[in-house]
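Here's a quick briefing on one structure. Take a look at it first, then read on.

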Amino acid sequence: MTDSRVIVALDFPESDSALALVEQLSPGQCKLKIGKELFTAAGPALVENIVGRGFDVFLDLKFHDIPTTVSRACSAAAKLGVWMMNVHALGGGQMIAAARDALGKGANRPLLIAVTILTSMNEKDLKEIGIFASPGDSALSLADLAKQYGADGIVCSAHEAASIRARYGDEFLRVTPGIRLPDSDSDDQKRIMTPSNALQNGASYLVIGRPVTRADDPAAVLRRIETVLQESGAK
Ligand code: C5P
């Protein structure tokens, strides 16, 4: 376990490029997120490799299936030694509860995070799948569900972190992507925030991908983020 609140998204197509970055980082500097692309290409062996190097790993596979299947998938993920994993809250309360039960009660159990409404979906997209509430209202209802059925927190934009913290308390984690340094390219992210503003606005963990992964010196960018966080008193 490290106490870093920065999670670097290892968005790579295969294991060699991911490991080339991992070798430049240390578990004290950051946690690491492995998503569907890298996991599908490189499999559980890569997860175990990175966990074995001492990193806290967020396995971002967003499970969404019947409760039994999700429960078994969560047990399998827990056996890899990951620190955090996630499910879609849209799978329903029973599915979230089954996922949470599968992780047990141990102090070192993985944390369970729920995804509410994908940030790629707008009002029109929701209507197409039969959801007539606004994306914001839908996300809030799903956050209520996630809390009620035992998730440890949700993925949300740093812009919503303060209201989520006010509604559910500090223990209910806010994992926030869309983080950019003042001089970083925003890429395809629309609602961005700097690391220190995000923590001051109530984020628990910052998910940062391209500003670190495409830097010439990723470790130097992380050191800069760490310094900015310490200087701003956000940490
Ligand atoms: O490169 P960047 O910092 O934009 O990467 C953000 C990471 O967070 C990516 O892995 C992306 O898939 C993930 N993510 C996101 N928005 C969400 C959920 C996850 O950007 N709502």
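Helix α1 (residues 15-22) buries Ala18, Leu19, Leu21 and Val22, where buried means under 20% relative accessible area with a 1.4 Å probe, protein chains only. These four sit on the same side of α1 because they cover an arc of only 155° around the axis, taken from the directions from the helix axis to the C-beta atoms. This is a predicted model: local features need pLDDT of at least 70, side-chain atom pairs count only at pLDDT 80 or more, and totals for chains, interfaces and linings use all residues. Numbering starts from 1 along each chain as its sequence is written, and side-chain values use heavy atoms, without hydrogens or water.

**Around α1**
- The buried residues of α1 pack against β1 (6-9), β2 (31-35), α2 (36-52), α9 (210-213) and α10 (218-232), with contact meaning heavy atoms within 4.5 Å.
- Helices (H or I, at least four residues) and strands (E, at least two) are DSSP runs, numbered from the N terminus.

**The barrel**
- Eight strands, β1-β2-β3-β4-β5-β6-β7-β8, form a closed barrel with parallel pairing; strands pair if DSSP finds at least two bridges between them.
- Strand β5 (residues 111-115) pairs with β6 (residues 153-155) over 3 bridges, in the parallel sense.
- Across that pair, Ala114 stands opposite Ile154 in β6.

**The cores**
- The largest nonpolar core has 63 residues, and Leu32 is among those with the most contacts inside it; such a core is a set of buried Ala, Val, Leu, Ile, Met, Phe, Trp, Tyr and Cys residues joined through side-chain atoms within 4.5 Å.
- Helix α10 gives the most to this core, with 5 residues.
- A second, separate core of 11 residues includes Ile7, Phe58, Met84 and Val207.

Terms used
Buried means under 20% relative accessible area, exposed over 50%, partly exposed in between (1.4 Å probe, protein chains only).
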